[in-house]
Amino acid sequence: MHRKNYIRNLKKEILELKEKRNAVILAHNYQRPEIQDIADVLGDSITLSLKAKDTNKDVIIYCGVDVQADIAKILNPEKIVLLPDINAKCPMALMLYLDDLKKAKKNNPRSETLLYTNTPTVMKAYGDCLTTSANITEVAGRMKTDTIVWASDIHMADYVAEKSGKKVIPISEEVVCPVHNQLSLEDLISAMEKYPTAEVLAHPECLSEIRKRARHLASTEGILRYCQQSDMKEFIIATENGLLYRLKKEIPNKEFYPASETAICTAMKGITLERLRDSLKEMKYQIEIPRYILDKARKAIEKSGW
Ligand code: CIZ
Ligand code: SF4
């Protein structure tokens, strides 16, 4: 079959199955273009989580990584939540160990613990608060202690310390998002030389030397809003490159350039149209979370104010 017809039929099949299952398709801003095109809702993890919490559909298909899909289940446990790719595991979350968290809590008994969305779900039973990149300053500000134990990316630890004025103690000095961590200053400088009139926008998971050169730091949704409202016409984007597709599509009168051609998260890209179709067809892979984790994680989210 001609490729175009094949894709058209595949999309038709997905839309029919979506109706049949009474499902909603949520897709992260780092997803492949064809997944973004077929999704009902696009967003960063907090946008998608809140959508999952409020949906009246029976099934939530989460096109993102496992630990984010788990949040959808935590916020709306009565629904069936499906992750179309069993291997969509955030490599940064896999760098975190529960033992390190327990040790850090023991060594800092008077500090509250803040966890990033992209941490193993079992850990979420041990955190006081839970945050995404979009609301991290706000959540850190709500916490009662001036010292915070932090489970996740070390660059985000610096970022939240700068923004909140609190002392932030990462549970491990080795945890980074490999996608943002490989985005080098050399890459950024060469993009800035190539596009001298473009404004630089970066995700807080970037290295400090990148963050310092950015006009604005935000989650992917925050970057999108900034570009919509700005008078500027050209932007260099320092985050996973899936966002560029959405920016170009939704803001066609402006220009967007990647800070690095290699900022691609393979865990996010494992979700394809075929896997999305199979997920709806066979109702796989269903997210299941033990009750004790689910209840504690939901409390941490409520305490965090989202
Ligand atoms: O919080 C998220 O969704 C992440 C990991 C990236 C972003 O800012 O969209
Ligand atoms: Fe994890 Fe980084 Fe990929 Fe996001 S971009 S899913 S934080 S590895």
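**Stop one: a helix crossing**

Keep in mind that this is a predicted model. Select helix α4 (residues 66-75) and helix α15 (residues 291-303): their axes come within 9 Å and cross at roughly 90°. That angle is why α4 and α15 count as roughly perpendicular to each other. Now show side chains: α4 brings Ile-71, Lys-73, Ile-74 and Leu-75 to the contact, and α15 answers with Leu-294, Ala-297, Arg-298 and Ile-301. By type, that contact of α4 with α15 has six nonpolar residues, no polar ones and two charged.

**Stop two: the cores**

Next, pick Leu-26, Leu-114, Trp-150, Ile-171, Ile-210 and Ile-236, which touch the most other members of the largest nonpolar core, a set of 75 residues. The largest share of this core comes from α4, with six residues. Zoom in on Trp-150: leaving out residues up to four places away in sequence, Trp-150 touches partners including Leu-115, Tyr-116, Thr-131, Met-156 and Pro-170. Apart from that core lies another one, of 20 residues; Leu-10, Ile-35, Val-59 and Leu-280 are among them.

**Stop three: helix α12**

Move to α12 (residues 242-250) and colour its buried residues: Gly-242, Leu-243, Leu-244, Arg-246 and Leu-247. What covers them? The cover includes α2 (33-38), β2 (41-43), α11 (220-229), β11 (234-238), β12 (255-258) and α13 (266-269).

**Last stop: ligand 2**

Finish by selecting ligand 2, whose surrounding residues include Tyr-30, Cys-90, Asn-118, Cys-177, Glu-205, Cys-265 and Met-268. The shell around ligand 2 divides into ten nonpolar residues, one polar and one charged.

Definitions and conventions. Residues numbered from 1 in each chain as written. Chains lettered and ligands numbered in written order. Predicted model: local features only at pLDDT ≥ 70, side-chain atom pairs only at ≥ 80, totals over all residues. Heavy atoms only, no water. Buried < 20%, exposed > 50% of the residue type's maximum accessible area, 1.4 Å probe, protein only. Helix = DSSP H or I, 4+ residues; strand = E, 2+ residues; numbered from the N terminus. Contact = heavy atoms within 4.5 Å. Near = heavy atom within 4 Å. Nonpolar A, V, L, I, M, F, W, Y, C, P; charged D, E, K, R; others polar. Axes fitted to C-alpha atoms, helices over the stretch in contact; angles between N-to-C directions. Parallel < 35°, antiparallel > 145°, perpendicular 65-115°, else oblique. Core = buried A, V, L, I, M, F, W, Y, C linked by side-chain atoms within 4.5 Å.
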